[in-house]
Amino acid sequence: SWLEQNLYFEPFEKQTETNEVACLEHLLSSTFNDNGKQISIETAIQKTCLPDGYIEWEDRLMNLGIKKTKALHISRASASIDKIFSGTQWEKNWPHALKKLPGSKLSSAWNGQRIVNTVAVSLVNIFKEKESGEENE
C-alpha cells in the first residue's frame, strides 16, 4: 500500500538514541543573557576550559543550575533549566532523557550553598564533536 511504501518508522532504539542527543543539543544551544549579550550554554562550558576563565564562567553556569566537574551536573531543581525545557517534548522528562547518554547518570553535586540532585552528563557527550573534528584537520 501507499502508506507502507511512504511512511517510515525508526526502530525504537534509534528514536531513543536521537531523543537524548537532541535533548542535550537543545540544552547546549540554549542561550542566556551575559551583560547584554546572548551566550550559548555550550560556549560558556567551553570557556570554563580556559585557564583564566574557569571561575568566572563556572559562576555564570552555576546561576543557571549547571556545574562542570568531571561531568556536567545539571540541577533537577533549577527554574532556569526548567524554563529551557518548557514547551518542549522534554518538559517533564529531560532528566530521564539525559541520563540515557553514554556515561551519564542521576547524581548530586555541591552548588556552593547546598547539595542538589543532578543529572551528571559525561563530558564525552559534549566535547566529542570538537575532538573528532580536530583529528580530521
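Q: Does Trp90 count as buried or exposed?
A: In this predicted model, local features need pLDDT of at least 70, side-chain atom pairs count only at pLDDT 80 or more, and totals for chains, interfaces and linings use all residues. Residues are numbered from 1 along each chain as its sequence is written, and side-chain values use heavy atoms, with hydrogens and water left out. Relative accessible area (1.4 Å probe, protein chains only) under 20% means buried, over 50% exposed, and in between partly exposed. Because its relative accessibility is 7%, Trp90 counts as buried.

Q: How many aromatic pairs does a search of the whole structure find?
A: Rings of Phe, Tyr and Trp (its six-membered ring) pair if their centres lie within 6.5 Å; planes under 30 degrees apart are stacked, over 60 edge-to-face, and the rest tilted. Searching the whole structure on this basis gives a total of two.

Q: What is the angle between the planes of Phe85 and Trp90?
A: A pair of aromatic rings is described by the distance of the centres and the angle of the planes. Phe85 and Trp90 lie 6.4 Å apart, centre to centre. Their pair is edge-to-face, with an angle between the planes of 80°.

Q: Which residue lies over the face of Trp57?
A: A charge sits over a ring if NZ of Lys or CZ of Arg is within 6 Å of the ring centre and within 35 degrees of the ring normal. At 4.3 Å from the ring centre of Trp57 lies Arg60.

Q: Within what arc do the buried residues of α4 fall?
A: Helices (H or I, at least four residues) and strands (E, at least two) are DSSP runs, numbered from the N terminus. The buried residues of helix α4 (residues 54-64) are Trp57, Glu58, Arg60, Leu61 and Leu64. The arc is taken from the directions between the helix axis and the C-beta atoms. Seen down the axis, these residues line one face of α4, because they fall within an arc of 160°.

Q: Which exposed residues does the face of α4 turned away from its buried side carry?
A: The buried residues of α4 are covered by elements including β1 (31-34) and α5 (79-85), where contact means heavy atoms within 4.5 Å. The face turned away from that buried side carries Ile55 and Asn63.
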